[in-house]
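I opened this model today and kept short notes as I went. Here is what I looked up, entry by entry.

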Amino acid sequence: MMGRWPLVLAVLVAIVLAGVPWFGNDVAVQFGINALLLATLAQSWNILGGFTGYVSFGNSVFYGLGTYGTAVAMTHFNLPFGVGLVVGAVVAMLCAALVGIPILRLRGPYFAIATLGLNGAMAAIVSNLPIAGSNIGLVLPLMRGDAIFYELALALLVVCTLTVLWISSSRYGMALVAIREDEDAAGSMGVNATLYKVTALVLSALFTAIAGGIHAYWSTFVDPASAFDTTLNVRMVIMCVFGGPGTVFGPVVGSFILSAVYEVLASEISTAAVLFFGLVIVLAVVFTPKGLTDLMAGARRSGWRYLFRNIRENRL
Amino acid sequence: MNEVANVAPQAKTIMEARGITKRFQGLVSVDKVSFSLAENEILGLIGPNGAGKTTLVNMIGGTLKPNEGDLLFEGERINDVSPYRRAHLGIARTFQIMKPFPGMSVLENVAVGALFGRDGGEKSMAKAREIAREWITFTGLGQRMDAHADALGGPDRKRLEFAKALAMGPKLLLLDEVMAGLNHVEVDEMVELIKKIRARGVTLLVIEHVIKAIRSLSDRVMVLHHGERIAEGDPALVLADPRVVEAYLGKRRT
């Protein structure tokens with residue numbers, strides 16, 4: 001069970017973040033939108049990946065469907081942005097359910113590989129759909145006002161995190177964690193694993209797609225290559241795992257830190273940033289393979305020795 | 001008369017197997033085995049390694065499907081019922097290779113049973129925790145309530161498997177070698193525990209190599225050898241049966 005103080009702290013952080021458009025500059029707000037959307041993606045990935053242990057590389061498909069659902073609804077049907085978001089989310093959730101039922105039978109690396117194939121397939125399909133602008137892409141109506149997008153992204157992250165908070169203390173979440181810990185034992189104890197895995201994937205798709213839709217309208221342009229981008233999925237995994245998969249605040253904290261580190265590196269040393277970013281990831285995996293949340297608990301128990309114990313235990 | 005020793009004559013049949021067979025690519029693991037379990041009975045299942053005991057339990061639990069024959073639970077055919085639905089019907093099991101949820105506390109492990117067991121389980125977390133606490137205390141793990149499951153030692157892990165299965169509120173409990181690796185004192189504790197469980201109205205199928213325990217627990221004993229049922233009945237008579245002795249120790253050279 002979680003203590004009270006992380007919740008209080010989270011509420012305070014959310015209030016301060018909500019004020020950024022008023023006292024921050026344009027650069028801060030734009031960085032904020034990206035960071036908040038990425039945190040939402042990491043948190044959405046956490047619902048399936050963190051709680052059930054199924055590593056999905058298909059979440060960028062849901063992101064892409066969210067961006068395209070919103071873009072097509074707004075450009076071809078002149079629907080309002082809100083309706084566009086709903087269209088994108090519904091398409092992504094349907095895709096998650098349809099794809100999830102067959103491929104969530106696969107376990108471990110096989111599931112990951114199957115989801116990896118989805119991305120390429122979906123990008124190819126969209127590239128050949130005239131309604132989606134084929135491989136040229138779609139241009140959305142322009143709306144100035146970064147502050148609105150910022151607050152929308154923050155609201156989405158808050159709702160997504162509240163959902164994960166609910167999961168972490170609910171019967172539903174117990175089923176997800178039981179599946180992660182031992183799926184056969186969970187089944188023998190009455191957990192309908194298929195039902196819980198598929199709903200977790202659908203829930204994950206919901207938030208991922210809305211994040212995609214917000215990003216589409218904000219950037220006013222979508223194309224297949226950036227909508228169905230596997231590296232975006234890799235970032236979700238890294239951020240979630242770095243923060244602490246299966247925890248409530250780990251993925252958010254992890255992605256904020258990594259976004260900030262990347263931003264600093266990109267402005268300081270530009271071209272070599274990716275290299276150093278890679279180094280940060282490697283160090284994180286070596287010293288805190290279970291994420292920052294585990295690092296905090298471990299450091300409280302055994303101090304600095306925690307870091308080196310990880311190396312020993314994992315025979316690195 | 002030996003066939004029904006210790007069992008009340010009017011007892012209802014809770015589970016029945018009719019000629020069930022399991023083959024693994026030509027190797028017959030369980031061969032046309034038929035038996036029935038009366039309500040609140042303890043049936044001991046023994047046999048040398050590789051006799052097909054665990055395969056039989058896996059078929060009743062639903063993780064394996066028989067190639068032939070029928071399994072009936074409370075009169076309904078359950079061959080095609082998935083494991084989680086069998087749990088809802090009231091069938092619970094322990095695993096020979098124990099399967100605790102390592103990242104969860106003892107309390108959470110057992111609460112999973114209460115949350116998803118018989119009839120789909122308890123819907124309220126608070127109630128499930130309460131049920132879990134009861135069974136943890138019942139199995140003698142009360143001191144380790146908040147310990148992580150992977151921090152438990154051997155005997156405590158066995159108790160945890162028990163508590164998890166019991167929290168499901170089963171009608172039929174399948175125990176797969178819960179005494180393996182325990183010392184004499186621990187075996188006696190386990191025997192007492194199983195007797196207490198039966199006193200609560202649960203029917204038990206107990207796979208065990210510890211003959212002393214089987215003798216003191218079972219109403220009836222069934223012996224499997226090369227997948228076939230070679231003997232069944234009163235424990236004392238079955239354990240003295242020359243065929244059973246031969247299956248375990250080999251033929252005496254004459």
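**Entry 1: chain B, overall**

I began with chain B and counted 9 helices and 10 strands. Its radius of gyration is 18 Å, close to the 18 Å that the globule rule gives for 254 residues, so I put chain B down as being as compact as a globular protein of that length. The C-alpha trace of chain B spans about 60 × 40 × 40 Å along its principal axes. A reminder to myself: this is a predicted model, so every value here is computed from predicted coordinates.

**Entry 2: two domains in chain B**

How is chain B divided? I find domain 1 made of 1-90 + 171-254, and domain 2 covering 99-169. Their C-alpha centres lie 24 Å apart.

Next I checked how the two domains of chain B meet. I see 20 residues of domain 1 in contact with 16 residues of domain 2. Together the two domains bury about 1400 Å², and carbon and sulfur atoms account for 71% of that. Which residues of domain 1 lose the most area to domain 2? They are B:His88, B:Leu193 and B:Arg200, which together make up 32% of what the domain 1 side buries.

I then went through the polar side of this domain contact. Between domain 1 and domain 2 of chain B I count 5 residue pairs in polar contact, both residues being at pLDDT 80 or more. The elements giving two or more residues to the domain 1 side are helix 2 (83-89), strand 7 (172-176) and helix 6 (184-199) of chain B. Helix 6 of chain B gives the most, with 7 residues. By residue type, the domain 1 side divides into 12 nonpolar, 2 polar and 6 charged.

The count of salt bridges between these two domains is 1. I traced a salt bridge between the side chains of B:Glu189 and B:Arg159, with N to O at 2.5 Å.

**Entry 3: chain A, overall**

I moved on to chain A, which has 16 helices and 2 strands. A compact globule of 316 residues would have a radius of gyration near 20 Å, and chain A has 19 Å, which agrees. Along its principal axes, the C-alpha trace of chain A spans about 55 × 50 × 35 Å.

I also looked for charged pairs within chain A. A:Arg107 forms a salt bridge with A:Glu183, where the closest N and O atoms are 3.6 Å apart. This pair links distant parts of the chain, the two residues being 76 residues apart. A:Arg107 sits in the loop between helix 5 (81-103) and helix 6 (109-127) of chain A, while A:Glu183 is in helix 9 of chain A. Over all chains, I get a count of 22 salt bridges.

**Entry 4: where chain A meets chain B**

How many residues does each chain bring to the contact? I find 20 residues from chain A and 27 residues from chain B. The two chains bury about 1900 Å² between them, with 69% of it on carbon and sulfur atoms. On the chain A side, A:Arg171, A:Met174 and A:Met189 supply 41% of the area buried against chain B, more than any other three residues.

Then I asked which elements of chain A give two or more residues to the side that touches chain B. They are helix 8 (171-181) and helix 9 (183-188) of chain A. Helix 8 of chain A has the largest share, at 6 residues. The chain A side divides into 10 nonpolar, 6 polar and 4 charged residues.

Conventions:
Residues are numbered from 1 along each chain as its sequence is written. Chains are lettered from A and ligands numbered from 1 in the order in which they are written. This is a predicted model: local features need pLDDT of at least 70, side-chain atom pairs count only at pLDDT 80 or more; totals for chains, interfaces and linings use all residues. Side-chain values use heavy atoms; hydrogens and water are left out. Contact means heavy atoms within 4.5 Å. Buried area is the accessible area (1.4 Å probe) that two parts lose on being put together, summed over both. Helices (H or I, at least four residues) and strands (E, at least two) are DSSP runs, numbered from the N terminus. Ala, Val, Leu, Ile, Met, Phe, Trp, Tyr, Cys and Pro count as nonpolar, Asp, Glu, Lys and Arg as charged, and the others, Gly among them, as polar. Domain bounds come from an automatic or database domain assignment. A salt bridge is a side-chain nitrogen of Lys or Arg within 4 Å of a carboxyl oxygen of Asp or Glu. A polar contact is a pair of N or O atoms within 3.5 Å; within protein, one must be able to donate a hydrogen and the other to accept it, and residues adjacent in sequence count only if both atoms are side-chain atoms. The radius of gyration is taken over C-alpha atoms; the globule rule is 2.2 Å times the number of residues to the power 0.38.
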